[in-house]
Amino acid sequence: MTQPLTSPDIIPGTGTGTAVRLAAEDVPDGLAAGPAPSIARGPAAEPTGVIARFEEWARRTPQAPAVIDGEHTWTYRDLDRAAALVTTALRDRVRPGDLVGVCLDRSAALVVTAVALARVGAVYLPLGPRPGERRTEAVAEDLDVVCLIGDPGVLPARHRAGELTPLPLPTEGSNAPAAPVAAFTDPDPGDGARRAPEGALYAVLTSGSTGRPKAVAVAEPALSVALDWYRAETGLAPGDRQSLLIGVAFDPHLLELWAGLTSGAALVPAPDDVRWDSRVLTDWWRDAGVTVSVAATPTVEPLLDRPWPQDLKLRHLVVGGDRMRGRPGRDVTATVHNAYGPAEATVVATTYAMRGSDAEAGDTAPPPIGTPLPGVTVVVTGDDGRPVDRGQDGELRIGGHCLALGYLDPELTARRFAAPPQDAPLPGVDRLYRTGDRVRMTSDGSLEFLGRLDDQVKISGVRIEPAEVEAAFERDPAVRSAVVTVLRDESGRARLVAHVRPAALGGPSAGDLLAAVRAWLPEQAVPSVVRLVDGYPLDANGKVDRAALAAEASAPGGPSAPAADLAGATPAERLVLATVRDLLGRPGTTLGDNFTDAGGTSVVAARLLAAVERETGVRLRAPELLRSPDLRAFAALLDERRAPRPAGA
């Protein structure tokens, strides 16, 4: 727990209970008397290096394992040499500051690519191993991407037809590429595509309200401050094993990757099925000997609902991406860090550490998102941009060494990264990022997350702009318009519902529309429900009444009511169908529907498998669900496993 404030000039530091006393001249003028303002600063920090730290470990411990993937191990010397070969292969075509799209999965190949691009000075732009072709094309049109790295089969047709340069990347391991290339296309000098700002180390995509993703650029010093905190907080060091678990399209994987490489520890890439099944995740932690891990909140919460495995080597688990709905129980042997941070603040800005020995262990109330990391300043502001008093709600703004350089769109950067208020000066802070998140700072300086101020929503830990999803539907000429609303279940989990108005009668089916938007959207942004509507309810101002639309979608017996008759269904079919309908919020789902086509995601799969095991005692694996042609076949597999074996069998 953080220490309580004893005077206005003590501002809490990290989530471990430390605090820093500011010098008198550091206290903002006009704020030293009266109610304490909602301002907190982490301990002082100075940026260090990232790539230089890896190279230091490569010199000091060349034989130490750097990546362990099942039976395959790469030492720091192996990575150093492989990165040098890739650097040579790219050097004539890739220059410092160039954006390079990376279409690789968690693997030694990904790690080597990250090191090689950092050495070249190019900007690492992770797109994930299976980016939608249209989404990738849109990125290439908006941004000046010099090449894409990946297997040719996952690249857009335009890049497959371009100049392909084979890359000497590792091709062993569960997620390894078969024939990695750098795919170059002829640039179009008139397209106005944006370059990364000077000094960028990497850029990541976030959801954009224009219907196309926007890119955030981060410099090496900002990442170094987060890494310095991570190593100090977790004790990550040679001999440790750091997970490489987060999806490559999302920025926390950079924290994992570089934390391992800058500490002398070994990175352990997670097989793909780990993200689909929380039981498989704990088995993997155990079998791989993982000691420090990063994971998305929706992935971890099912683990906290059941007894914690007592044979894990896991010491620290950093969790983020969504609101945590309860604290770990007393049986949890790892320290769980509830982390908060947008990509614009370099992965992590505040954290709150929880242990099984805490007095509050097992509490079902949401824990705070904690206090700022070293070098981070947080301010809770009112509508006028000035700090509110502690205990009052407001918008969270973040400043300090953690801030990204900005978006690749200068106008958007100017809107979201603003100067601090003149009458509440913040020493050393020249910019504050407006998060759009509603928070409250308690008297001890800890932050409580309350929700969003705008239309953005978190789905499975990923920020989604409903407008981007709407635009994906409206690209189809058979769609006149689309409105996306958010429904939440009793636990507060969100799901997207698309209300689509076809351009003509007899237009595409809901399934066809879902299949089409998957090429434009990340998995988490694909709605769980598509409703075909004739029109939209309007409010008093003549605007679409989204609340009324959401109410229609959630109303019993409404347009989404189930049509299937389960009179002859087996108990397993009833269980599977009822659970899927509940998890997806799609009462119209039938036994003939395929799980993923119906809107199933990795998070939903994990919850479905957990529910089936809880109700029947039968543990099925994610691949068995994904290989089943429809829900009826999956239920038949469950019936088969439940059937008693004949005597003597």
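In this predicted model, the count of salt bridges comes to 24. Side chains of opposite charge can pair when their charged atoms come close. Let us look at one such pair. R195 forms a salt bridge with D98, and their closest N and O atoms are 3.2 Å apart. Where do these two residues lie? R195 is in the loop between β10 (181-184) and β11 (200-206), while D98 is in the loop between α2 and β6 (99-103), so the pair ties together parts that are 97 residues apart in sequence.

Two packed helices are described by the angle between their axes and the distance between the axes. Helix α2 covers residues 76-91 and helix α3 covers residues 108-120; they pack at an angle of about 55°, and their axes are 8 Å apart. The two helices are therefore oblique to each other, and the crossing of α2 and α3 is right-handed. If you want to find the contact in the structure, look in α2 for L79, D80, A82, A83, A84, V86, T87 and L90, which meet V111, V112, V115, A116, L117, R119 and V120 in α3. By class, this contact of α2 with α3 has 12 nonpolar residues, one polar residue and two charged residues.

Now move along the chain to another pair of helices. Helix α6 (residues 220-234) packs with helix α7 (residues 252-261) at an angle of about 65°, with the axes 10 Å apart. That angle makes α6 roughly perpendicular to α7. Here too the crossing is right-handed, as α6 passes α7. On the α6 side, the contact is made by L223, A226, L227 and Y230, and on the α7 side by L255, W258 and A259. What classes of residue make up the contact of α6 with α7? There are seven nonpolar residues, with no polar and no charged ones.

Further on, strands come into view. Strands of a sheet pair through backbone hydrogen bonds, either parallel or antiparallel. Three strands form an open sheet here, in the order β28-β29-β30, and the pairing is mixed. Why is one side of β28 and of β30 left without a neighbour in the sheet? Both β28 (479-488) and β30 (529-532) stand at the edges, and each has a single partner strand, so one side of each has no neighbour in the sheet. From one strand to the next, the twist averages 25°. Strand β29, residues 494-502, pairs with β30 in the parallel sense over four bridges.

The last stop is one more helix pair. The axes of α14 (residues 571-584) and α17 (residues 631-642) come within 8 Å and cross at roughly 130°. The helices α14 and α17 are therefore oblique to each other, and α14 passes α17 in a right-handed crossing. From α14, the contact uses P571, A572, E573, L575, V576, L577 and V580; from α17 come L631, R632, F634, A635, L638, D639 and R642. Sorted by class, the contact of α14 with α17 has 10 nonpolar residues, no polar ones and four charged ones.

Key:
Residues numbered from 1 in each chain as written. Predicted model: local features only at pLDDT ≥ 70, side-chain atom pairs only at ≥ 80, totals over all residues. Heavy atoms only, no water. Pairing = 2+ DSSP bridges. Axes fitted to C-alpha atoms, helices over the stretch in contact; angles between N-to-C directions. Parallel < 35°, antiparallel > 145°, perpendicular 65-115°, else oblique. Left-handed = near helix turned anticlockwise from the far one by under 90°. Contact = heavy atoms within 4.5 Å. Nonpolar A, V, L, I, M, F, W, Y, C, P; charged D, E, K, R; others polar. Salt bridge = Lys/Arg side-chain N within 4 Å of Asp/Glu carboxyl O.
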